[in-house]
Amino acid sequence: MNETLTDKLGVLFPDNRCRQVLDSIVMDVAPDTLVRTMERLKTYPDLGFTMLLDITAVDYLTYPEETSTRFKVVYVLRNWSRNWLLQVVVEVADPERGLPSVSTIWGAADWAEREVYDQYGIVFTGHPDLRRILNHWQFKGHPLRKDYDIRQGQICFETDSLEREIRARLATKGVDESTMRDINTEMMFLNLGPSHPATHGAIRIFTALDGETIMANVNEIGYLHRGFEKTAEHRTYNQVIPLTDRLNYCSALLNNIAYVKAVESWLGLEITERAMFMRVVLSEFFRIQDHLVCLAANLVDMGGLTNYWYLYNEKEASYDLISRLTGARLTSSFTRIGGMYRDFYEGWEADMEHQLAAIEKGVDDSLSLVLQNRIVHDRTQGTCLLPAETALSYGFTGPNLRASGVAFDLRKDNPYYHYDAFDFNVPVGSTGDIYDRIMVRFEEIFESIKIIRQAMKMIPDGDIFVFDHRYVLPPKEQVYNRIEGLANHFKLIFEGVKVSAGEWYDSFEAANGELGFYFVSDGSGRPYKLKVRPPCFYAMAGFHTMVEGEMIADAVINLGSINIIGGELDR
Amino acid sequence: MALGIEASLGDSIVTTKLDAIVNWGRQYSLWPMVFGTACCAIEFMSAAASQHDISRFGAEVVRFSPRQADLMLVCGTISYKQAPILKRIYEQMPEPKWVVAMGACASSGGIYDNYCTVQGIDTVIPVDVYISGCPPRPEAVLDALIKIQEQIRTESVLVDRHKDFKGILD
């Protein structure tokens, strides 16, 4: 499959070097041909890279091997229908001169380039609004550069007003001071957030209103930027797992699994069958939890408080099973590189089945309030539309993309952990309105329950670890009684799992969409660089296209329907 | 059976200290303002939901307007970008007010000892009760609520508790 892509790229771009890394092709591109190459990659029907998944940079300042330039920028592209993944690597000779912006080609590039600028100080010429995104506007320096000290905090005294940005946005709509004078009205500027019940976390939604209609919308994020990526560079590979819990904290275990899967695929580590099935069961279970919280909160925003009890009570009840299994309610940290932390406890099947039945009942109860409800239909159908093309351009993934009618699901399209052996459907919406997003999530809960029931029948007995002590801690009996075991344990704890040098991207279908990890390893036990491709970030980047022209009240439920989780959005 | 001055006032009048009566009222009708930013806010949702039911302690009237609240629950990590907002919202709350720092991040920065995280919200606003845990269980939230209630009981209504507080943003 990827051979055909390599051939095509070889014919179209004979000057560029291509190589295969895991399931993606990496292509080096010169800065001066970047925009032309990117345009062709997107528009050539043979290539059709309609999705820009992520942009990130690498700072090679302290990298053991010498590189020709200090910075490189990596673009991760996907052709979803053919399951092609392409990384375009560009060398940056001078970060201040930077690279040309690709934000006219993909909507997703707008925020992605701002993040690279903020974290690495690489300029993108031609970008419409290049300013900081995660760090505050009074911040000096670029924290992900290797010469920035991790503990050098900078105090912010004042919040950015965003007035210039919203006026610029209004101007692109053809609304300025003179039009306002002509129709004898005034724009009202309204802030939702950063501390507002409708934002489900800390996001600032800044709107310009004409009556109740949103004329322009600018969003500010970064209020929960906790330095995940910089912190991860100072931790061993296994020590990063607790940090991944706190990305999408509504489905912590999914992040754990996504992260270790990314490391294991680079190590070429085949985990045991039982561990695979455990991961399938648990990831689907947590996908359900995530959707339950999202739907509960979204329906509360609409005024349906009863739904909150029906849906959230089942999540609360699930915590009994989760905390019995993992020891924690929310932050599970349940995976390890090479397997799982613990096996299922005895009698888990009955608990799981009981819980699944309870969830089915809760969801059915909630659906009985929603499905025939005129108010819900009127409020959600046809509002805040997201056409498939816009969704792809802004890098929407997961349920939000599927609600727009694009049947892309990594579990089907690039299956891992035997997902191809399970019988399940991928629910898709038709128009991409709020109703579709809600219903896709409801349907996915039932599909996930189906997968769990199948996996529970098929799960084999056996080990949950690979017994390879380069990666996995030896049993305690060996640690206490034998010098090899002790040395092994010591080395794994202090130095971490040694991961061979290289750069790779690996992705996973999380509850919110494609959760990807971009790693650079220098061969040591700590990641040289670890970038998360958070599904929320790109959903939020396209938020303004959905709400402009809609009512302010719809913006609130729209935010709930795309399920923004601060931990993942800002990292 | 009234004694002293109460004996001469009749059955319909009870005498007490101002502190006792005002604090009794404040204690059992706390109106929380949830400053939820991260994972801890999810656990606060659990504390508010049916199973743990925060209304058993008289604090279920969750206000999202600081002007109507007297108990601030800071649930989650506070970054330097967020800090001025936290301070502003705290200042918008009318006196008397109490603050709970929920979880490791709000108490001390938690596992995020880095360039963007405030190392404990007590560098920005005064804090009355800290809850440990990452995130704390809902029971711990209820425990903190009881601690605040005990603290209120012993306070004097005349003392301005945080007159001399100076944070990094002051």
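Student: Hi! How many helices and strands does chain B have?

Tutor: Hello! Keep in mind that this is a predicted model. In it, chain B has six helices and four strands.

Student: And in what order do the elements of chain B run from the N terminus?

Tutor: Starting at the N terminus, the pattern is α-α-β-α-β-α-β-α-β-α.

Student: What box do the C-alpha atoms of chain B fill?

Tutor: Roughly 65 × 40 × 25 Å, taken along the principal axes.

Student: Okay, and what percentage of the residues in chain B is buried?

Tutor: Chain B has 170 residues, and 44% of them are buried. As for contacts in chain B with a separation of 6 or more, 79% are between residues 24 or more positions apart.

Student: Changing topic! How many residues of chain A are in contact with chain B?

Tutor: On the chain A side there are 41, and they are in contact with 33 residues of chain B.

Student: Which elements of chain A give two or more residues to that side?

Tutor: Four helices of chain A do: H6 (228-232), H7 (241-245), H10 (305-326) and H22 (566-570). The largest share comes from H10(A), with four residues.

Student: What classes of residue are on the side of chain A that touches chain B?

Tutor: You'll find 17 nonpolar, 17 polar and seven charged residues there.

Student: Now helices H11 and H16 of chain A. At what angle do their axes cross?

Tutor: At roughly 160°, and the axes of H11 (residues 348-370) and H16 (residues 434-458) of chain A come within 11 Å. Angles over 145 degrees count as roughly antiparallel, so H11(A) is roughly antiparallel to H16(A).

Student: Is the crossing of H11(A) and H16(A) left-handed or right-handed?

Tutor: Left-handed.

Student: Which residues make the contact?

Tutor: From H11(A), they are A:Glu349, A:Met352, A:Leu356, A:Ile359, A:Glu360, A:Val363 and A:Leu367. H16(A) brings A:Phe442, A:Ile445, A:Ile449, A:Ile452 and A:Met456.

Student: How many residues of each class does that contact have?

Tutor: The contact of H11(A) with H16(A) has 10 nonpolar residues, two charged ones and no polar ones.

Terms used. Residues are numbered from 1 along each chain as its sequence is written. Chains are lettered from A and ligands numbered from 1 in the order in which they are written. This is a predicted model: local features need pLDDT of at least 70, side-chain atom pairs count only at pLDDT 80 or more; totals for chains, interfaces and linings use all residues. Two residues are in contact if their C-beta atoms, placed from the backbone, lie within 7 Å. Ala, Val, Leu, Ile, Met, Phe, Trp, Tyr, Cys and Pro count as nonpolar, Asp, Glu, Lys and Arg as charged, and the others, Gly among them, as polar. Axes are lines fitted to C-alpha atoms, for helices over the stretch in contact, and angles run from 0 to 180 degrees between N-to-C directions. Angles under 35 degrees count as roughly parallel, over 145 as roughly antiparallel, 65 to 115 as roughly perpendicular and the rest as oblique. A crossing is left-handed if the near helix is turned anticlockwise from the far one by less than a right angle, and right-handed if clockwise. A residue is buried if 20 or more other C-beta atoms lie within 10 Å of its own, exposed if 12 or fewer, and partly exposed in between; C-beta atoms are placed from the backbone.
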